[in-house]
Amino acid sequence: MPTIIAVDVSLSMTRPVPVAASGAGPSAEDGLTYHHMAVQGVNTILDYLAKHSRLEFVSLIVYSSLYEVIVDFTRDYESIRQALHKIEHYDKTSLENVLVAVNNMFKTHWGSQNYCQIIFITDCGVGLGPTSLKNTIINLQNYKAQLSSNSSGGTGAGPVKVPLSENQWIGFSYPSKLTFMCLGNLADTAFKFGSKLYQQLLDVSGQNGQVFIPKLKNLSIEDPIGDDNDEFSKQLNRKCVQELFENMCEQNYKQFEATLRCGGYFRLDGAITIWPAPLPYTSKDLFGAETTKIISRKLELCGFISLSDIGSPMSVSRHLILPRSDGDKRLSTKDGNLNTEEKLENDIKGFYAKPDGSGGGGDNDEDGSTGADSTRESVCVLLHGALKVENMAALVLLNDNWYGFIYSYADNKKKSNLMLNVLPPGNDVVPWLGDFRNLGNLDDAFAGENPSFPIKAEKRSYSQNIVVWIRQAGLQSDIQKVLRHAKKLPEKTQHFYKELNRIRRAALSLGFVELLEGLAHIFEREAAALGGSASPDSGIQLKHAANELRKPCNRDLKAVIQAMPTKYNQIA
């Protein structure tokens with residue numbers, strides 16, 4: 001779950017923070033500017049991530065009327081701390097420019113499917129002129145109104161695209177949370193007006209987000225800014241800024257802790273942390289009613305299945321499973337009511353765990369975690385080793401009628417991790433495996449019953465009547481077959497377009513429109529790479545096919561791409 005931290009470096013951030021008059025002489029708050037508090041806030045975020053979410057990728061951006069990426073996405077938080085001391089200040093605030101830049105930057109690095117935390121640290125400056133925040137909100141309202149009028153116009157000509165300017169922000173095109181860390185005091189009229197506009201921006205855009213204001217007051221979309229300033233009578237200081245950012249981190253980066261249960265044996269229950277924290281899944285039925293489901297805190301293993309049988313099913317998200325130390329729970333279980341078998345096992349393990357010549361655990365008994373964590377059994381380690389050796393995955397029940405797969409994933413030759421692949425809710429979401437409730441052991445199969453799954457992995461999709469792209473090999477084989485026909489033009493002209501139309505229809509049926517653009521790029525590259533021995537018709541037909549794949553009229557399932565008549569293929 002990457003994080004983008006955007007720091008306001010407009011001239012207003014160089015203002016000194018108002019300090020209450022005191023007769024006791026100069027205080028530590030004298031000379032403190034809003035920029036100093038912003039730097040303190042960034043360091044607080046990095047300290048929290050280093051302690052609780054060390055796998056987070058963080059990027060640092062500064063902005064005024066323009067923007068600059070100071071540090072690209074990295075896990076080296078120390079480089080971000082050092083870059084904070086080199087920040088310079090510029091002119092006025094222009095929020096819309098940096099919002100557009102953040103949207104494009106994240107899509108370039110991570111695509112449009114990943115979740116992003118976007119944190120803006122500002123003094124609630126609203127800017128001036130056409131780039132002001134008020135003008136951004138007005139443009140956004142006009143855009144929403146045009147969309148609403150086009151959808152309800154009933155002209156019969158289909159939806160009309162609303163024109164957009166180059167730097168107009170209409171929301172992020174990926175799952176995200178937008179957080180504004182507002183440094184100021186609501187007793188200040190300008191800050192109060194600016195904070196209301198920032199909240200209005202979230203309301204109008206419909207963006208998931210929150211506005212945080214010091215003095216233990218955080219405002220969400222459902223909790224608009226009020227007019228009561230009694231609790232904001234104190235001056236802004238480092239302590240309240242520290243509490244403000246700690247409160248934000250606890251809300252936005254809260255770890256998802258759960259228990260993994262492997263069967264009925266009490267020792268096979270393990271405390272785990274799922275990272276990044278899974279998001280609630282919202283789906284709509286045929287009548288438009290929304291249903292939101294959340295992964296349970298108790299995950300139960302149902303069984304094991306070969307990775308070759310699973311293939312590449314559609315998934316909602318992927319997460320790391322990390323073991324979590326749960327010493328307090330284990331101690332309470334040890335002292336609680338145990339049955340005879342559990343007490344006997346504890347006594348035997350305790351006897352063999354004692355070092356020779358000593359009657360206890362030494363200094364580690366007082367700590368309770370230093371020596372015990374390294375020798376304590378872990379369900380994650382056991383499960384990871386078994387799945388890696390057997391090349392299998394574990395089917396896990398996430399909630400009622402919701403499943404996922406746990407498997408060993410290696411990002412390099414030396415390190416592998418335990419991964420959780422979350423499937424869409426339902427019992428029959430992987431067609432070639434059937435209903436999960438009907439799965440059982442091979443030993444329970446009846447005599448003469450075929451234990452294999454409906455679709456065999458060794459078949460290629462082009463050898464069947466229907467297109468099946470369960471694995472990457474099936475799609476790759478189809479593309480390679482089309483390219484083989486392309487290199488044998490004009491003799492294979494009819495076969496080339498037959499296979500091309502078959503793949504195009506399958507891609508449109510699955511909503512895989514990106515495949516058409518990918519094929520067009522492949523055809524153009526192949527046409528440019530043709531040697532002198534190739535027929536001139538090969539380059540002509542490849543360029544023609546690439547152009548036809550990009551035409552909107554060929555996005556219709558009933559459309560058929562025809563070969564271009566040339567003197568080489570003699571098509572009438």
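The following paragraphs lead through a predicted model of one protein, from its overall make-up to some of its side chains. Residues are numbered from 1 along each chain as its sequence is written. Because the model is predicted, local features need pLDDT of at least 70 and side-chain atom pairs count only at pLDDT 80 or more, whereas totals for chains, interfaces and linings use all residues, and side-chain values use heavy atoms, with hydrogens and water left out.

The protein has 16 helices and 16 strands, where helices (H or I, at least four residues) and strands (E, at least two) are DSSP runs numbered from the N terminus. Of its 572 residues, 41% are buried; buried means under 20% relative accessible area, exposed means over 50%, and partly exposed lies in between (1.4 Å probe, protein chains only). Among the contacts in the protein with a separation of 6 or more, 68% join residues 24 or more positions apart, a contact being heavy atoms within 4.5 Å.

Rings of Phe, Tyr and Trp (its six-membered ring) pair if their centres lie within 6.5 Å, and planes under 30 degrees apart count as stacked, over 60 as edge-to-face and the rest as tilted. By this rule there are 15 aromatic pairs. In one of them, the ring centres of tyrosine 281 and tryptophan 402 are 6.2 Å apart and the planes stand at 50°, so the pair is tilted. Tyrosine 281 belongs to strand β10 (residues 281–284) and tryptophan 402 to strand β15 (residues 402–410), so this pair ties together parts that are 121 residues apart in sequence. Tyrosine 281 counts as partly exposed because its relative accessibility is 24%, while tryptophan 402, at 1%, counts as buried. Elsewhere, Phe57, Phe73, Phe106, Trp110, Trp169, Phe172 and Tyr174 form one aromatic cluster.

Polar side chains can be followed too. Glutamine 210 is found in strand β6 (residues 209–213), and at 7% relative accessibility this glutamine counts as buried. Its side chain makes a polar contact with the side chain of glutamine 251, at 3.5 Å; such a contact is a pair of N or O atoms within 3.5 Å, and within protein one must be able to donate a hydrogen and the other to accept it, while residues adjacent in sequence count only if both atoms are side-chain atoms.

The average pLDDT, the predictor's confidence in each residue from 0 to 100, is 79 for the protein. Over residues 357–372 it stays under 50, and where pLDDT is low, the predicted coordinates should not be read in detail.
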